[in-house]
Amino acid sequence: MKRAFFRRCGHAPPEALAPEDQAVVDAFRALLAARKNPQRWTPGCNQDAAVRVGPFIERVLPRPGDDHGPDLIAVCLEHPDYPYTPYPHRYTRKGWLRCETKAILGVWNPAYRMLTHAAAGLDLPDDVGMAPALYGVHVEARRKNNRGYILLRLGPYTQARHTDPDVDRLSAHLEGKADTVLPGFTLTVKGAPFDVSDHLAYCDPYEADAVALLTAAAGRDGAA
């Protein structure tokens, strides 16, 4: 007895995928396209970036005003669905971090979402490969027309509260004479984020006395 075998013709249309399966296929294709042709991220472009954290890819938000450095910028890790989805309890913020621009894969693309710790239901590791962006102290010199510049930068400090003693000490030193230390300018002291893109302009607050550094800076600018 001869049996008949039925085979699908090579030109026959494939069975339609269920909508949820098609969505997975489309997301995977989008991911492949994004990884193959990432959009280039450039300093100062005001766009979130994608960086590798271990075997995963994460979304980072550059710190406004601190994202222009050609080699180093300040960023914080964000949930892939930010700002529409808040951080889950297990997805902990790490604060501002120092990120080398060469480590940036490109502009953040939603297609990368499936490669994040959040998508895998995992915590971020304790070591994400980026050091804290740290904090600084700025002494500003301003004229009466409010035009001015930063006379002295101190930093980095590991925590914001570590800047308070030097802010208080410098403010006390300037009390009653803030407009005479540098002729034509009024000096004010405040804590500020450590500008990693301009890190060479900072004086190490642990290697010299803060008041001595201010006196030297005012002397140089006054002479100039």
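1. A word on terms before we start: buried means under 20% relative accessible area, exposed over 50%, and partly exposed in between (1.4 Å probe, protein chains only). This is a predicted model, in which local features need pLDDT of at least 70, side-chain atom pairs count only at pLDDT 80 or more, and totals for chains, interfaces and linings use all residues. Residues are numbered from 1 along each chain as its sequence is written, and side-chain values use heavy atoms, with hydrogens and water left out.

2. Let's take the salt bridges (a side-chain nitrogen of Lys or Arg within 4 Å of a carboxyl oxygen of Asp or Glu). The whole structure holds seven of them. Lys102 pairs with Glu100, with 3.7 Å between the closest N and O atoms. Lys102 is exposed at 72% relative accessibility, while Glu100 is partly exposed at 39%.

3. Two further salt bridges link separate parts of the chain. Helices (H or I, at least four residues) and strands (E, at least two) are DSSP runs, numbered from the N terminus. Arg153 and Asp198 meet at 3.8 Å, N to O. Because Arg153 lies in strand E7 (residues 148–157) and Asp198 in the loop between E8 and H4, this pair ties together parts 45 residues apart in sequence. Asp209 and Arg169 meet at 2.5 Å, N to O. Asp209 sits in the loop between E8 and H4 and Arg169 in helix H3 (residues 164–174), so parts 40 residues apart in sequence are tied together. Asp209 is partly exposed at 34%, as is Arg169 at 40%.

4. Where is Asp195 placed? Asp195 is in the loop between strand E8 (186–193) and helix H4 (210–223). Asp195 is buried, at 19% relative accessibility. Neighbours within four places in sequence aside, Asp195 is in contact (heavy atoms within 4.5 Å) with Asp66 and Tyr202.

5. Now the sheet, where two strands pair if DSSP finds at least two bridges between them. Five strands form an open, antiparallel sheet in the order E4-E3-E2-E1-E5. Strands E4 (97–100) and E5 (104–107) are at the edges with a single partner strand each, so one side of each has no neighbour in the sheet. Strand E1 (residues 49–53) is joined to strand E2 (residues 56–62) by five bridges, and Ala49 stands opposite Val60 in E2.
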